[in-house]
Amino acid sequence: MPFRFGHMLGIEPLSAEEILFLLDQSKPFQEIQRHPLKKLATLRGKTVALAFFEPSTRTRISFATAAARLGADQMNLQAESSSLKKGESLLDTVRTLDAMKPDCIVMRHSSSGAPDFVARNLALPVINAGDGTHEHPTQALLDALTIRDRRGTLEGLNVTILGDILHSRVARSNIHLLSKFGCRITLCGPAMWLPRELECLVPAGSAIRRVTRIEEALEDADVIITLRVQQERLHEPALAIDEYILQYQLTSERLRIAKADALVMHPGPMVRGLEIEPAVADGPQSCVLEQVTNGLAVRMALLFLMIGAETSSERDSSHAAD
Ligand code: NCD
């Protein structure tokens, strides 16, 4: 299949077919995570620049591990120690990285659209590792891989997304992805985090609804995606933490409203006792750690397709020219 990803900036522009292709390409990389020896030489000689302008633990480690397992070298920029702190512009910082000749840049930034901006200004493949409240495409892909493995399909599922939808790039990327497969999406949380505009994320005619009562949102759910709730966003008079826990925490009792085999997912970092009850986080329906392992497979597949597959197609075309 002739297939090339120039950049991976978001799920929105991808077709269902492209998403399935990416998930299929991730399958062999899932196998590798189970091997005693996990290192390949596929990207030997390639360099992946990791530019995290916003603190990140799991996503940065996941991309770094994915690159290492493919044999690539890494350049690491971390917000805390970068020259951004000294007043350098984003463009100057990434141009400096680019001048050290990496093969792609994996970027996280607190501003929505920052990776698009970099992609427009550098001749280098850009992977969005989360930008502001916009998108987190690899998270949605690893979630989709986990759902498809457990359910056999992505088609037509009832998916409930719980929590601070307004500020969540994970929610947005998942809404884009799952709506391409005809999932019925229920967004649930306090009204202040559920603006009507969220319904415009999906094409007209797609099933999406906003619900403020968790009991209603969980009815018939096949998949529940619980989002992290930032404590600093919960305060009087809008909504106090205790009130949030009382009204929206995913508890074992509430989980019984969903389908008996509903999947419980969380992108992490998880705040136990706030958005999710520990018994649910550790319970038999929880896929949280499986999501983390699948993150490696998805990111390895993406790096391979973006900077490894390129080499083979270049080779093919130069052979063709011979
Ligand atoms: C998410 C993020 O940073 O967008 N975490 C992650 O990448 N796994 C979710 C969050 O921080 O709440």
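This is a predicted model: local features need pLDDT of at least 70, side-chain atom pairs count only at pLDDT 80 or more; totals for chains, interfaces and linings use all residues.
Okay, hi everyone. Let's start with the ligand. Where does it sit? The space it takes up is the largest pocket. Around the ligand you'll find Arg58, Thr59, Arg108, His136, Gln139, Arg169, Val170, Arg228, Pro267, Gly268 and Pro269. If you sort that shell by type, you get 3 nonpolar, 4 polar and 4 charged residues.

So which parts of the chain do these residues come from? Two helices, α2 (58-69) and α6 (169-179), each give the shell at least two residues. And on the domain level, domain 1 (16-136 + 291-316) and domain 2 (137-287) each put in at least three.

Now zoom in on some contacts. His136 has a side-chain N or O atom 2.7 Å from an oxygen of the ligand. With Arg108, a polar side-chain atom is 3.0 Å from a ligand oxygen. Pro267 uses its backbone instead: an N or O atom there lies 2.9 Å from a ligand nitrogen. How much of the ligand gets buried? On its own it exposes 310 Å², and the protein buries 88% of that.

Most peptide bonds are trans, and most residues other than glycine have a negative phi. But look at the bond from Gly268 to Pro269: that one is cis, with omega near -10°. Pro269 is in the loop between β9 (263-265) and α10 (278-281), and remember, both Gly268 and Pro269 are in the ligand's shell. Then there's Lys101, not a glycine, yet with a positive phi of about 65°. You'll find Lys101 in the loop between α3 (90-99) and β3 (104-109).

That's me done, thanks!

Notes:
Residues are numbered from 1 along each chain as its sequence is written. Side-chain values use heavy atoms; hydrogens and water are left out. A residue is near a molecule or strand if one of its heavy atoms lies within 4 Å of it. A polar contact is a pair of N or O atoms within 3.5 Å; within protein, one must be able to donate a hydrogen and the other to accept it, and residues adjacent in sequence count only if both atoms are side-chain atoms. Accessible areas come from the Shrake-Rupley method with a 1.4 Å probe; for residues, only the protein chains shown count as cover. On a 1 Å grid over the protein atoms alone, a cavity is a set of points where a 1.4 Å probe fits but cannot get out, and a pocket is an open set with protein on both sides within 12 Å along at least five of seven lines; lining residues have an atom within 4 Å of a point. A molecule sits in a cavity or pocket if more than half of its atoms lie within 2 Å of its grid points. Helices (H or I, at least four residues) and strands (E, at least two) are DSSP runs, numbered from the N terminus. Ala, Val, Leu, Ile, Met, Phe, Trp, Tyr, Cys and Pro count as nonpolar, Asp, Glu, Lys and Arg as charged, and the others, Gly among them, as polar. Domain bounds come from an automatic or database domain assignment.
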